[in-house]
Amino acid sequence: MRLVRGTGVRTVRCGSASELGMTLLELVIACAILLVLATVAVPLARNVVKRKKEDLLHQRLRDMRDAIDRYKDAADAGKIKVAAGTEGYPPDLESLVKPTQLTGAPDKRIRFLREIPEDPMTKTKDWGMRSVQDDPDSTSWGGNDVFDVFSKSSGTGLDGTKYSDW
């Protein structure tokens with residue numbers, strides 16, 4: 001580096017002209033590396049989004065099945081009134097949401113779910129249901145009670161199973 005005093009001009013030399021910037025070959029190699037990294041990152045990002053939706057589906061199915069089980073337990077314990085000749089399962093999903101009168105306590109009500117959750121795969125609150133009388137693999141609801149719920153999505157999970165089989 002050479003400074004000229006009194007002129008206010010500074011001259012800086014850092015080597016030859018080829019060391020001042022990147023060559024065309026270096027730019028091509030850098031772009032190729034970025035392209036390879038981008039092609040690897042995009043599918044991974046898609047799988048992350050799908051996995052999050054699948055986790056949400058698992059959680060919502062678990063919450064609804066837990067609410068159905070709590071309704072059945074309350075019916076078996078005689079805490080809520082159920083129709084004669086039924087198995088004690090809720091007649092529909094709305095029964096889990098609306099307040100149910102506790103027997104022996106006229107001023108107390110119980111709810112098993114705050115709301116019917118949205119299916120993250122179909123983006124609707126329309127769930128498939130099975131009653132006790134239905135076949136385990138049935139996709140149509142008998143209409144008597146709600147023994148189990150499943151997604152109406154025809155999609156397949158990352159593990160290869162259908163969402164409706166979860």
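Hi everyone, let me start on the surface: Leu25, Ile29, Ile33, Leu34 and Leu37 form a nonpolar patch there, with about 520 Å² of accessible area together. A patch here is made of residues with over 30% relative accessible area and no salt bridge, where nonpolar side chains (Val, Leu, Ile, Met, Phe, Trp, Tyr) are joined within 5 Å and like charges within 9 Å. The areas come from the Shrake-Rupley method with a 1.4 Å probe, and for residues only the protein chains shown count as cover.

Two words on ground rules. This is a predicted model, so local features need pLDDT of at least 70 and side-chain atom pairs count only at pLDDT 80 or more, while totals for chains, interfaces and linings use all residues. Residues are numbered from 1 along each chain as its sequence is written, and side-chain values use heavy atoms, with hydrogens and water left out.

Back to the patch for a moment. Ile29, one of its members, lies in helix 1. At 45% relative accessibility, Ile29 counts as partly exposed; the scale is buried under 20% relative accessible area, exposed over 50%, and partly exposed in between, with a 1.4 Å probe and protein chains only.

Now the overall layout. The protein chain has two helices and six strands, and from the N terminus on the elements run β-β-α-α-β-β-β-β. These are DSSP runs numbered from the N terminus: helices are H or I with at least four residues, strands are E with at least two. Of the 166 residues in the protein chain, 27% are buried. The chain exposes about 11,800 Å², and carbon and sulfur atoms supply 56% of that. For those of you who like contact order, take contacts between residues at least 6 apart in sequence: 44% of them join residues at least 24 apart. Contact means heavy atoms within 4.5 Å.

Let's go inside. Which residues have the most contacts inside the largest nonpolar core? They are Leu57, Leu93, Leu96, Phe112, Trp127 and Val149, in a core of 23 residues. Helix 1 and helix 2 (94–97) each supply at least two residues of this core, and helix 1 gives the most, with eight. By nonpolar core I mean a set of buried Ala, Val, Leu, Ile, Met, Phe, Trp, Tyr and Cys residues joined through side-chain atoms within 4.5 Å. Take Phe112 as an example: leaving aside neighbours within four places in sequence, Phe112 is in contact with Ala67, Arg70, Tyr71, Ala74, Ile80, Leu96 and Thr100.

On to the charges. Side chains of opposite charge can pair when their charged atoms come close. The rule is a side-chain nitrogen of Lys or Arg within 4 Å of a carboxyl oxygen of Asp or Glu, and by this rule the count comes to six salt bridges.

In one of them, Arg65 pairs with Asp148, with the closest N and O atoms 2.8 Å apart. This pair links distant parts of the chain: Arg65 sits in helix 1 (residues 24–76) and Asp148 in strand 6 (residues 148–150), 83 residues apart. Are the two partners buried or exposed, or something in between? Arg65 is partly exposed because its relative accessibility is 26%, whereas Asp148 counts as buried at 17%. There is also a network of salt bridges here, linking Arg65, Arg130 and Asp148.

Another salt bridge joins the side chains of Asp66 and Arg70 at 3.1 Å, N to O. Both lie in helix 1, four residues apart, about one turn of the helix. Asp66 is partly exposed at 40%, and Arg70 is partly exposed at 34%.

Asp126 lies in the loop between strand 4 (109–110) and strand 5 (128–130), and Lys152 in the segment after strand 6, so the pair ties together parts that are 26 residues apart in sequence. Asp126 is partly exposed at 42% relative accessibility, and Lys152 is partly exposed at 46%.

What does Thr122 touch, not counting residues up to four places away in sequence? Lys152 and Ser153. Thr122 and Lys152 are 30 residues apart in sequence and 7.3 Å apart in space, C-alpha to C-alpha.
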